Amino acid sequence: MHRLLVAASLLLPAAALAQDIPHRVRPETVPDSWAAPYIGAYYAVAAGGRSSELADEANISSSQTSLMKGDFSGPVTGSMVELFAGRNWRFGNFIVGGQVEATVASDIAASVTGPLQLNQVRRFGGVILSSWSGPTTNGNDPQLRFRAGLVGRAGFLVRPNLLLYGLAGLEFGHFIFPDDDDAFGSANRNWALGYTAGAGLEARYDDHWSLRAEYRYLHFATARSEVRDIGTYLSSIRHHEVDMHVGKVGLVYSFGGSGPSSAMAAIPPLSRQVWADSWAGPYAGIYFGAGAGHAAENYSSVRNLTNIWGADTTTTNQTKRGQFAGGMDGSMNEVFLGYNWRSGRAVAGVQAEGTLFSDVGLKPVGALTTTMSSAMNGVADPTTLDVRPGWNNQQLRSMVGLAGRAGFLATPDLLLYGVGGVEFGHFVYPRGRDAIGGNNGKWAPGYTAGAGAELRMTDHWSLRGEYRYLHFDVDRNETIGSASVEAISGDTSEATTNTARQTAADFHIGKIGVVYKFGGAGPASAMAAMPPSLASTWTDGWAGPYFGAYFSAGAGVARGDFATISTSSSVTFPQNAALAGTMTGMQTDLFAGYSLRSDRFVVGGQVEATQYGDVAVKMAGMQTTLLPPTSVQTSTLDQSERLRSMVSVVGRAGFLATPNLLLYGLGGLALGHFKYPEQGDRFPDPVGKWVAGYTVGAGGELKVARHWSLRTEYRYLHFDIERGASYDIFPAAGGSTAVSFASRTSTDFHLGKVGLVYRVGEDSPSAMAALPGSAEACCDRWTGFSAGIYGAGGAGRVRDAITSSSDNRTLFPPPVILSGSNDFQSGELAGDVSGGMIDLFAGYNWRAGQFVIGGQVEATVFGDVGMKSRGTLVGTSTSLVPPLTTVPTIDQAEFAQLLRSRAGLIGRAGLLATPNLLVYALAGAEFGHFTFQDTVDQLGGAYGKWAFGYTAGAGAELKLTDRWSVRGEYRIMRFNLDREAANVFTHTDVGFAILSANSSTAHTRTDLHLGKVGVAYTFCYCD
């Protein structure tokens, strides 16, 4: 989500914002184009690095001592998207400067694997029963989810438009570790201090825009340790180091004006003429793509086990083989940079592409045949054969490519082209599905081919529509080994498992792109060739093409049913459940559309694409199972889905209440991509599924400046999701079982949306320009609408008050209680909160003398904030059979959640310390969307939950130009959240029954301290 919106907010609209700066603005204080503040974005690819981990654990009780030492290592792979802001100073041909960086999205996997040396001694009554020792293959799967850095640069201008530089600085990386990577679940999130060094070049192609290419080396080191001594002594020490080699491509916008080092001034006139051609020169843009395809996999796994116990030698050989096939579906967002050449009506070019966000997954399914043979002292046992469904999940998390284009100008505005090139896809296992002994992340080479059309709307802006075919071959090989020796008897055990997966993926994807071309208008300008009537339509402030971005958050309900039927040996076991629950979360959308105006009526249509979805569906209900001839079971059943992305086609019709305010209704079709949670695919059906639905709503759009407007909307979304599969099982013991299942989910989702719109074309001045007052007051640099983006990172504390109760009993015969107990526990848990987030904001300021007040709406488009508390639960257990004794209980517990997204309404009040510096305080209301990890959920409880909170803080805002400014802030955020969960199980038969009921509550309070850096743009509505 987040990646596309964030990159769009800086890369493409920055060009549009620069065009909107009014002619009345004050002259730039720094005219040199190499010495000025700047902002930009990087796309980074990691390969060739190394991750290592040293593990030292102890588990000591009265009956057993286990000591474990591990030395693991593995490659570092993946990609990152980063935003940065900085400033340069120039001394002759020497340039020095510094910048602040923040990762808005990271797909970096740092999996490690290696030998874990285990020494285990078992005792009874002080007598040693056994003493085993030996290595076994083990590992860990850390991920770098967020990072922030402070980097200095120093370089030399080898040409007026080319800077060669070195760099170095400090880095802060936020690593997340699997929750079960040690014996008792220590803190699974950690900030790590590190450093970076590297070199690069920056090529400036006009007075504001430049392109960077960099190599970076990054090093992080982090350690986690914990000791517990409550009955059993537990200790864990893990030291993790990461060495990353990263290649980066960056796009930079400088706020300086033309100066003595202007590269453009040095370009010969002939070169400038080429750049002025609207179909030739450098360009940048964004794609949204969605599609489906097919994946096929050859799977084999061979396990050999040898045990020597005394005089007996036992060997076991197990072979698993399968030919799997299945679907590949999802969506992805990409940014691209390229260059075109034109010769007459022929256009050729090349572009580099990088995936910002990918929701593409594949799941080949098929019959898994398991053959097992064994022998003792050379005498073979009968070979067994087992056939049942098998499958493998992988995700295409990111992709980088180099593509060439060649086309023909069908009209001065329309380019038809073919495209082809090489691609590198980063494939990973879903979290918790990693195969020990292999690499979680893997770069796989592939290729792409396709065709498309590009329609130029102005000399700078154009729209693309493309079809692409993608092919990847992903080969994986994992090896697991173990060996152990018993010191007393001399017994030995040795095992090896070799697993091979060869996966071929074919993906068909449709893409829509927005392109911004750098340079000026030229003889091929389509706008110049437009008839006067059409041109006059485009100058209407409410008619013509536009694009923009939405943030939305909401909640709703879900209802459904679930049924399975198992038939074995002519006996049928039906299971049925009616389910109900909630749908919560947020979305970030990009959209592009076209409007027509007739007097005060405006109609139009737009295409929307969800760049990131944090929407979760969770239902629960009682499942009834009939077990012939007389048994009946009931149990709580959960069913979960995630709405990861969405594509919509929406029509709008409205009425201009004022020249600046459009009130409208809307409706259209929506295509939602629903996925199981990473641990929720219990059946051999596709993980992801495109589902057709619809949307209706209403909204208002306020024009705030030439080209720019703000929207607020209400939307209703409805989807009906149907899933099902049938398969057979042929167990080794003989016989067969036929299984089928079907589920249906109906969702109703209510969303509130805030959007920022840019209209393409020659816009007329805003009607707000007619308001009374001087031009200077109208374009006051500290008054008016503003929009921008924050990067934030921080840490804090979480406290959870936990209660749990259970009633477990066996009745024989009912209602006589044969055995059972009532148990109750409660306790206070505490732990850390850490992570980062990226926020978008839009607001309005007023100035009175040196005082500035205002308000803004904020929304987190990417959140990596997690929390985990640990502590002791104390309670009692009361027997339900005479003599009804009550005994005290004490247990260790932990509770983990994620703050996936948030929305806030903030007020600011400050004082202008200088004409360029505002010092302010702030406070407001917050709404946080809390979830569990996909691999951890409460049976019978809600998954996603909105919580009310508040924020307070202070900051400073520095004007770089009359429109652009940078902010630095401190924030404290507090949330209070209550959760409840309950589940029931019963089994009844003639003269016999088992009853179990469990419930729990959790009251969570989080305090998060954040440091924020932001970039803001202030609109001038008089333009």
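A polar contact is a pair of N or O atoms within 3.5 Å; within protein, one atom must be able to donate a hydrogen and the other to accept it, and residues adjacent in sequence count only if both atoms are side-chain atoms. The structure is a predicted model, in which local features need pLDDT of at least 70 and side-chain atom pairs count only at pLDDT 80 or more, while totals for chains, interfaces and linings use all residues. Residues are numbered from 1 along each chain as its sequence is written, and side-chain values use heavy atoms, with hydrogens and water left out.

**Overall architecture**

- The chain contains six helices and 40 strands; these are DSSP runs numbered from the N terminus (helices H or I, at least four residues; strands E, at least two).
- Of its 1023 residues, 55% count as buried, where buried means under 20% relative accessible area, exposed over 50%, and partly exposed in between (1.4 Å probe, protein chains only).
- Among contacts (heavy atoms within 4.5 Å) between residues at least 6 apart in sequence, 76% join residues at least 24 apart.
- The accessible surface of the chain comes to about 38,600 Å², and carbon and sulfur atoms account for 64% of this area; areas come from the Shrake-Rupley method with a 1.4 Å probe, and for residues only the protein chains shown count as cover.

- On the surface, W89, F91, F94, V96, F156, V158, L164 and L201 form a nonpolar patch with about 740 Å² of accessible area together; patches are made of residues with over 30% relative accessible area and no salt bridge, like charges being joined within 9 Å and nonpolar side chains (Val, Leu, Ile, Met, Phe, Trp, Tyr) within 5 Å.
- Strands β2 (64-91), β3 (94-106) and β7 (143-159) each give two or more residues to the patch.
- V96, in strand β3, counts as partly exposed because its relative accessibility is 34%.

**Salt bridges**

- The structure holds 48 salt bridges, each a side-chain nitrogen of Lys or Arg within 4 Å of a carboxyl oxygen of Asp or Glu.
- E202 and R212 form one of 3.0 Å, N to O; E202 lies in strand β9 (residues 189-204) and R212 in strand β10 (residues 209-230), so the pair ties together parts 10 residues apart in sequence.
- Both R501 and E478 are buried, and the closest N and O atoms of their salt bridge are 2.8 Å apart.
- A network of salt bridges links E82, E101, R147, E171, E214, R216 and K248.

**Two buried glutamates**

- E171, in strand β8 (residues 162-176), counts as buried because its relative accessibility is 0%.
- The side chains of E171 and R147 are joined by a polar contact of 2.6 Å.
- E641, in strand β27 (residues 631-658), counts as buried because its relative accessibility is 2%.
- Not counting residues up to four places away in sequence, E641 touches V615, A616, V617, F674, K675, Y676, I721 and R723.
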